[in-house]
Amino acid sequence: MVDERTPGAPDRAPPCPKALLDEVQRDCAHLAARRRRLLGAFLILALGGGAALVMVMHHRSPGVGTWPHRAAMLGFLGLGIGLCALAFGVTLPAGRRLRPAVVLGAAGALGLLFGVSQAFAGTTMPFMAGAMCLGTGLGFSVAVAGVALGIGGKALRRHAPTGLLVGVGAGLLALVPLHYACADCSSVHLLVWHGLVPPAAGLLVGLTWGWLRAGD
């Protein structure tokens, strides 16, 4: 029997059976739907926790109700939800393209903080008050990130900087109640004590996620 293939030509893989392709597509659709449900449950808990934190703090920023504050809080909310959605695999970017998304999210938060700090003149609060803002924001961020990791479980992205995405995303969500309740609008306070929350949360949660993954 004569082999009619062209000499040196690579062997072509046999076509994948349609039944197998259909099964893979069904599994992918099931995973995508599950991720959307888990993301929705996480956001309900995270936003509810943020509302509860605002009620507990009993303070109100002097700029609340003005467009710079509203724009900033909407920006924090959108960036935080976007990064968490990336961690849950709901949105499309994958692989190495996720790291720039984290950098852009953190940079966007700093830009919003800078804009608000320039729109209002506030008195710089002492060190302890600033540290209290940082501690409150970081504590809420870690709690929100813990909820995300607990709810997401194995549905979270495995081949991505998931811990960093969740940590920075939770830090951005924490800025919403923190920004609502904080009485200081000065540049130093916002850019230092509020601005440190997302990167610090990203570092803590990223290291924790790496430690958890090392045990798999």
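This is a predicted model: local features need pLDDT of at least 70, side-chain atom pairs count only at pLDDT 80 or more; totals for chains, interfaces and linings use all residues.

Modeller: Residues are numbered from 1 along each chain as its sequence is written, and side-chain values use heavy atoms, with hydrogens and water left out.

Colleague: How many helices and how many strands are there in the protein?

Modeller: Helices (H or I, at least four residues) and strands (E, at least two) are DSSP runs, numbered from the N terminus. From that end, the elements run α-α-α-α-α-α-α. The protein therefore has seven helices and zero strands.

Colleague: What share of the 216 residues counts as buried?

Modeller: A residue is buried under 20% relative accessible area, exposed over 50%, and partly exposed in between (1.4 Å probe, protein chains only). By this rule, the buried share of the 216 residues is 38%.

Colleague: Is leucine 172 buried, exposed or partly exposed?

Modeller: Leucine 172 lies in helix α5. Leaving aside neighbours within four places in sequence, leucine 172 is in contact (heavy atoms within 4.5 Å) with Phe76, Leu79, Gly80, Leu83, Gly105, Ala109 and Pro198. Its relative accessibility is 0%, so leucine 172 counts as buried.

Colleague: Within what arc do the buried residues of α7 fall?

Modeller: The buried residues of α7 are Val197, Pro198, Ala201, Gly202, Val205 and Trp209. The arc is that of the directions from the helix axis to the C-beta atoms. Seen down the axis of α7, these buried residues line one face of the helix, because they fall within an arc of 115°.

Colleague: Which residues are exposed on the other side of α7?

Modeller: An α-helix has 3.6 residues a turn, so residues three or four places apart point the same way. The buried residues of α7 pack against α4 (127-152), α5 (162-181) and α6. On the other side of α7, the exposed residues are Leu203, Leu207, Trp211 and Ala214.

Colleague: Does leucine 196 count as buried, exposed or partly exposed?

Modeller: Leucine 196 is placed in the loop between α6 (187-194) and α7 (197-214). Its relative accessibility is 38%, and therefore leucine 196 counts as partly exposed.
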